[in-house]
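Dear colleague,

Please find below the structure that I am handing over to you.

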Amino acid sequence: APTLAPTLQPSVFILESSLQNGLVAYFPFNGNARDETGNGNNGVVKAGVTLTRDRFGNPNSAYNFSGSTANSWIEVPGSQLNFNFAMTISVWVKPSPGMKSYSRIMDKGTWNGNTNVGPASWCIQQRGTNTNKFQFLFNYASGSYLNGGDFSLTANVWTHIVMSKQGKSLKYYVNGVFQATYNVSSSVIASSGALPLVIGANNYGYSNPVTTIDSPFTGRLDDI
């Protein structure tokens with residue numbers, strides 16, 4: 001007799017060639033944090049980050065972030081992740097209900113919560129204490145930063161987010177649907193050099209390698 005039990009989706013995805021053009025890093029999180037572009041931007045997973053089920057129910061195909069300030073982040077070499085004028089980020093997010101202030105989904109050496117030691121670059125962070133309302137933030141000079149608008153996420157629900165910055169224009173898409181265009185006063189994204197990309201937290205110590213984090217994300221991330 002036919003079964004009505006749900007079936008798992010394929011756990012390995014092959015990107016279309018159009019999506020590979022100009023791609024700097026791709027993290028499908030299929031059992032590890034390797035960069036599948038071949039560019040060598042492989043992530044180092046800390047103990048507070050564990051493999052979990054993805055949005056299709058596949059085991060060991062996404063990462064869960066505990067939110068611990070001691071060890072909840074993935075650290076990625078950052079020298080190839082400085083973008084001067086244009087960049088696009090795509091990520092699947094399943095946030096928890098209890099998020100800390102300024103929780104970071106990703107951080108490339110930005111404001112450290114105490115003093116801007118610059119040069120800094122870009123991040124995706126929660127807007128202060130507004131739980132699960134996130135924003136794209138980027139520095140265009142030491143001590144100067146711009147907010148490119150914000151978007152809301154629902155706790156315990158997988159949501160696909162795309163942010164595309166071209167010059168002074170920043171566009172948001174949620175689950176494939178265009179949301180808004182935000183215009184900013186500077187097209188420049190400052191470089192933070194070899195500082196690592198931190199997935200799931202803020203590089204509070206502004207160091208390479210990361211020694212201290214703050215504003216940790218709590219929940220699941222996939223397909224960055």
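This is a predicted model: local features need pLDDT of at least 70, side-chain atom pairs count only at pLDDT 80 or more; totals for chains, interfaces and linings use all residues.

The model contains an open sheet of seven strands, in the order S2-S3-S16-S5-S10-S11-S12, with antiparallel pairing. Strands S2 (49-52) and S12 (177-183) stand at the edges; each has a single partner strand, so one side of each is left without a neighbour in the sheet. On average, neighbouring strands of this sheet are turned by 25° against each other, direction ignored.

Two of the pairings may be followed in detail. Strand S5 (residues 86-95) runs antiparallel to strand S10 (residues 159-166), and eight bridges join them. Met-87 stands opposite Lys-165 in S10. Strand S11 (residues 169-174) is joined to S12 by six bridges, again in an antiparallel arrangement. Here Val-174 has Val-177 in S12 as its bridge partner. The hairpin of S11 and S12 has two residues between the strands, and in this hairpin Asn-175 takes a positive phi near 50°.

The loop between S4 and S5

Two residues of this loop deserve a note. Phe-85 is found in the loop between strand S4 (74-76) and S5, and this residue is partly exposed, with a relative accessible area of 43%. Together with Tyr-140 and Val-188, Phe-85 forms a nonpolar patch on the surface, with about 240 Å² of accessible area in total.

Asn-82 is found in the loop between S4 and S5 as well. Its side chain reaches the backbone oxygen of Ser-79 at 3.5 Å. A polar atom of the Asn-82 side chain also lies 3.1 Å from the backbone nitrogen of Ser-192.

Salt bridges

How many salt bridges does the structure hold? There are five. One of them joins the side chains of Arg-55 and Asp-222 (3.4 Å, N to O). Arg-55 lies in the loop between S2 and strand S3 (62-65), and Asp-222 in strand S16 (residues 219-222), so the pair ties together parts that are 167 residues apart in sequence. Arg-55 is partly exposed, with a relative accessible area of 24%, whereas Asp-222 is buried, at 1%. Arg-55 and Asp-222 are also linked with Asp-223 in a network of salt bridges.

Arg-104 and Asp-107 meet in another salt bridge (2.4 Å, N to O), and both residues are buried. Arg-34 forms a salt bridge with Glu-36, with 4.0 Å between the closest N and O atoms. Arg-34 is partly exposed, with a relative accessible area of 46%, and Glu-36 is partly exposed at 43%.

Yours sincerely

Technical notes
Residues are numbered from 1 along each chain as its sequence is written. Side-chain values use heavy atoms; hydrogens and water are left out. Two strands pair if DSSP finds at least two bridges between them. Helices (H or I, at least four residues) and strands (E, at least two) are DSSP runs, numbered from the N terminus. Axes are lines fitted to C-alpha atoms, for helices over the stretch in contact, and angles run from 0 to 180 degrees between N-to-C directions. Patches are made of residues with over 30% relative accessible area and no salt bridge: like charges are joined within 9 Å, nonpolar side chains (Val, Leu, Ile, Met, Phe, Trp, Tyr) within 5 Å. Accessible areas come from the Shrake-Rupley method with a 1.4 Å probe; for residues, only the protein chains shown count as cover. Buried means under 20% relative accessible area, exposed over 50%, partly exposed in between (1.4 Å probe, protein chains only). A polar contact is a pair of N or O atoms within 3.5 Å; within protein, one must be able to donate a hydrogen and the other to accept it, and residues adjacent in sequence count only if both atoms are side-chain atoms.
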